Amino acid sequence: IARDVVHPRIVRVFDIEEAGETVFLTMEIIEDGSLGDRLTTHSPARPVAIDDAARWATQALEGLAALHAMGILHRDIKPGNLLLTADGEIKLSDFDLALHLDRDETRATTHESILGTLEYLSPEQALGQPVDARSDLYSLGVVLFEMIAGERPFNAKDTMALLGMHRAAPTPKLEDRMNLMSGSSEIPEGVQELIEKAMAKSPDDRFQSAVELAD
């Protein structure tokens with residue numbers, strides 16, 4: 001899947017090779033680590049400025065739009081899979097869980113399996129139900145919340161409790177999770193509503209495409 005997709009917002013995979021029983025990829029070098037690395041090196045009060053959060057989320061959505069147009073779901077959108085170039089641009093990476101909807105041989109999931117990173121799972125992923133492009137948008141909404149608030153919307157030590165939050169708990173208010181720095185501006189109008197719509201429990205209540213959310 002990764003080799004088939006060529007887009008400036010997606011890490012380029014040049015080839016797939018074998019050495020004995022080992023299969024390996026040759027990929028482009030991304031110099032500046034991941035968004036996850038960046039989030040862990042900033043103050044928890046506000047790790048990413050609003051403008052940067054909006055720009056990086058939009059760039060990630062451009063990559064998702066390209067994937068979704070090819071019938072591919074990423075299914076593991078999280079800060080660690082959003083890489084930063086030396087120019088500060090986002091590229092999607094890590095297609096371990098990607099699903100090509102048009103290829104039966106990639107339908108390896110079952111309703112009893114939960115695939116993805118728990119902290120960013122959509123409710124339907126948490127339930128092991130079929131997913132579509134709107135599930136990736138939910139995960140991106142979680143990432144956007146984390147960039148702005150400095151922490152993820154849902155946190156729990158117990159796996160079932162965390163999954164239950166994704167399935168039933170309302171999206172927290174950004175203002176309740178942030179300690180705005182002295183002199184900093186308030187959260188722009190509409191940001192909370194945008195994140196709440198991206199993270200709606202029902203896919204039908206979310207943005208219906210990456211292009212729509214990016215706009």
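## Surface and ground rules

Accessible areas here come from the Shrake-Rupley method with a 1.4 Å probe, and for residues only the protein chains shown count as cover. On that basis the protein chain exposes about 10,800 Å², with carbon and sulfur atoms supplying 50% of it.

Keep in mind that this is a predicted model: local features need pLDDT of at least 70, side-chain atom pairs count only at pLDDT 80 or more, and totals for chains, interfaces and linings use all residues. Residues are numbered from 1 along each chain as its sequence is written, and side-chain values use heavy atoms, leaving out hydrogens and water.

## Overall layout

You'll find eight helices and six strands in the protein chain (DSSP runs numbered from the N terminus: H or I of at least four residues for helices, E of at least two for strands). Starting at the N terminus, they go β-β-α-α-β-β-β-β-α-α-α-α-α-α.

Of the 215 residues in the protein chain, 45% are buried (under 20% relative accessible area; exposed is over 50%, partly exposed in between, with a 1.4 Å probe and protein chains only).

## Helix α4

Helix α4 covers residues 133-149, and 16 of its 17 residues are buried.

## Met27

Met27 sits in strand β2. Met27 counts as partly exposed because its relative accessibility is 40%.

How values were computed
Expected span 1.5 Å × (residues − 1).
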